[in-house]
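Welcome, and thanks for taking a look at this one with us.

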Amino acid sequence: SNCRVHNHKIEMQEHRSKKRKANTASTMPTTQPNLKSDDYYAILGVPRNADDSALKKAYRKLAVKWHPDKNPDNEEATTNFQKISEAYATLSDSKKRQLYDQYGKEGADAADHMPEGAGAPGPGFAFRPGPSGGGVHHMSPEEAQAFFDNLFGGIDPFGDMGGLGRSGGAPQNIRFSTSTMGGRPGGGMQSSFQTSEHPMMGSGFPANVQSLFGSARGVPGFSAGGGPFSSTFGSTDHNPFGVQTRQQEYDVIPPGTIISLKGLVSRPERNGDRGTVEYFDRSKGRYVIRLEDSDETMSVKPSNLLQHVHIHIHDLESKAELNGTVGTIIAWNESKGRYAIYSMSMKKVISLKPEHVILERGTVAQLIGIAARPELNGKFGTIQDWNADTNKYDVQLSEKSIIRVKAEHVRI
């Protein structure tokens with residue numbers, strides 16, 4: 001009997017010590033997530049009194065950054081994704097959160113085995129491992145993915161930033177071309193039209209790939225002068241008086257486009273973070289990016305950006321039912337030569353070759369692998385049209401230059 005009392009006192013002392021450490025860690029200012037921590041609040045980078053909205057916002061931001069499909073062949077990303085999902089799954093459940101705050105992870109795990117409606121145990125209660133000795137349960141990769149899918153099943157978590165930013169393409173009507181260019185911008189194109197709302201701005205999704213290329217009249221950032229729907233966003237020139245002037249340019253990603261950072265050497269901790277394009281500083285050859293949920297901006301090279309643009313799936317034989325449906329580019333796998341695409345209809349990520357991915361009109365893309373005209377490789381241009389019969393794009397490089405290239409020679 002005395003032995004049991006002594007053991008109980010030791011357990012209580014250990015529990016209070018753990019609780020003090022957890023309280024100290026969670027009340028410290030946490031502006032950045034700490035994925036090496038064991039504390040759920042520190043992992044998400046939120047204070048201990050964070051409300052449900054703040055918790056969900058932190059989870060979404062981190063889950064999108066570390067999602068395994070966005071980070072192929074990256075074990076660290078998979079582990080971080082599990083930790084993030086486990087932390088939010090606990091803190092977003094009021095009963096589990098209360099038990100976690102009082103007793104740590106063992107208490108949160110015990111919530112699943114407590115009778116419905118039962119309150120938290122009183123002072124002096126100590127959780128012990130079950131008969132199997134398993135201790136604390138940690139999420140598996142499959143559980144983390146299922147939790148993510150269930151939470152964001154009705155929206156696109158990769159191509160949307162809570163109504164901020166754009167995901168590429170011209171958000172209007174439909175057009176695709178089945179004839180030649182006629183040798184000049186806008187000349188000789190035979191087009192068919194069908195009204196359809198853009199997937200991120202209207203009430204429904206387009207029925208097929210005809211919804212990609214619509215008239216851009218009235219769309220912010222496009223004007224009829226100087227060629228077919230030339231971008232008025234362009235780069236920004238700074239003068240001594242601080243006044244910014246916009247130029248018509250076709251090789252510049254439009255402001256507001258949602259991107260992720262990649263390949264940063266000086267600030268590797270920012271790789272995977274999302275943001276929106278502010279403008280392109282042509283004198284430095286860099287984009288100024290505003291980071292998500294922050295006033296912080298960064299100046300980065302074009303090669304350090306991945307655009308999360310909307311696409312349509314085309315000519316897929318293995319899953320023909322997906323043809324014409326909408327998706328979002330979330331990653332490019334260089335070793336496999338494929339895009340990772342979040343399919344809106346499947347609510348999951350699939351891997352597709354570039355020839356099965358149709359970019360929307362208005363998207364700025366890079367030309368690659370053109371053997372006949374190697375001087376074009378590496379250049380950027382704005383997609384103005386797509387030919388369904390040949391699976392080729394009409395890409396505008398300048399006010400007077402539009403070229404037609406195969407889909408596999410265009411890359412985001």
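A polar contact here is a pair of N or O atoms within 3.5 Å; within protein, one must be able to donate a hydrogen and the other to accept it. With that in mind, please note that this is a predicted model.

Asp273 sits in the loop between β7 (258-261) and β8. Buried or exposed: which is Asp273? With a relative accessibility of 8%, Asp273 counts as buried.

Setting aside neighbours within four places in sequence, Asp273 touches Lys65, Ile259, Ser260 and Leu261.

## The chain as a whole

The protein's secondary structure comes to seven helices and 21 strands. Of its 412 residues, 47% are buried. Among contacts with a separation of 6 or more, 52% join residues 24 or more positions apart.

Helix α3 spans residues 52-66, which makes 15 residues. From its first C-alpha to its last, α3 reaches 21 Å, close to the 21 Å expected at 1.5 Å a residue.

At 22% relative accessibility, Pro68 counts as partly exposed. Beyond neighbours within four places in sequence, Pro68 is in contact with Thr78 and Phe81. The C-alpha atoms of Pro68 and Thr79 are separated by 9.0 Å, with the two residues eleven apart along the chain.

## How α4 meets α5

Two packed helices are described by the angle between their axes and the distance between the axes. For helix α4 (residues 75-91) and helix α5 (residues 94-103), the axes come within 6 Å and cross at roughly 105°. Angles of 65 to 115 degrees count as roughly perpendicular, and α4 and α5 are therefore roughly perpendicular to each other.

Which residues make the contact? On the α4 side they are Ala89, Thr90 and Leu91, and on the α5 side Lys96, Arg97 and Tyr100. Sorted by class, the contact has three nonpolar, one polar and two charged residues.

Asp149 lies in helix α7 and is partly exposed, with a relative accessible area of 28%. The side chain of Asp149 makes a polar contact with the side chain of Gln145 at 2.7 Å. Asp149 and Lys348 are 199 residues apart in sequence, while their C-alpha atoms are 7.4 Å apart in space.

Thr325 is found in the loop between β12 (310-313) and β13 (326-333). Its relative accessible area is 18%, and Thr325 is buried because the cut-off for that class is under 20%. Leaving out neighbours within four places in sequence, Thr325 is in contact with Ile311, His312, Ile313 and Ser345.

Note on methods:
Residues numbered from 1 in each chain as written. Predicted model: local features only at pLDDT ≥ 70, side-chain atom pairs only at ≥ 80, totals over all residues. Heavy atoms only, no water. Axes fitted to C-alpha atoms, helices over the stretch in contact; angles between N-to-C directions. Helix = DSSP H or I, 4+ residues; strand = E, 2+ residues; numbered from the N terminus. Parallel < 35°, antiparallel > 145°, perpendicular 65-115°, else oblique. Contact = heavy atoms within 4.5 Å. Nonpolar A, V, L, I, M, F, W, Y, C, P; charged D, E, K, R; others polar. Expected span 1.5 Å × (residues − 1). Buried < 20%, exposed > 50% of the residue type's maximum accessible area, 1.4 Å probe, protein only.
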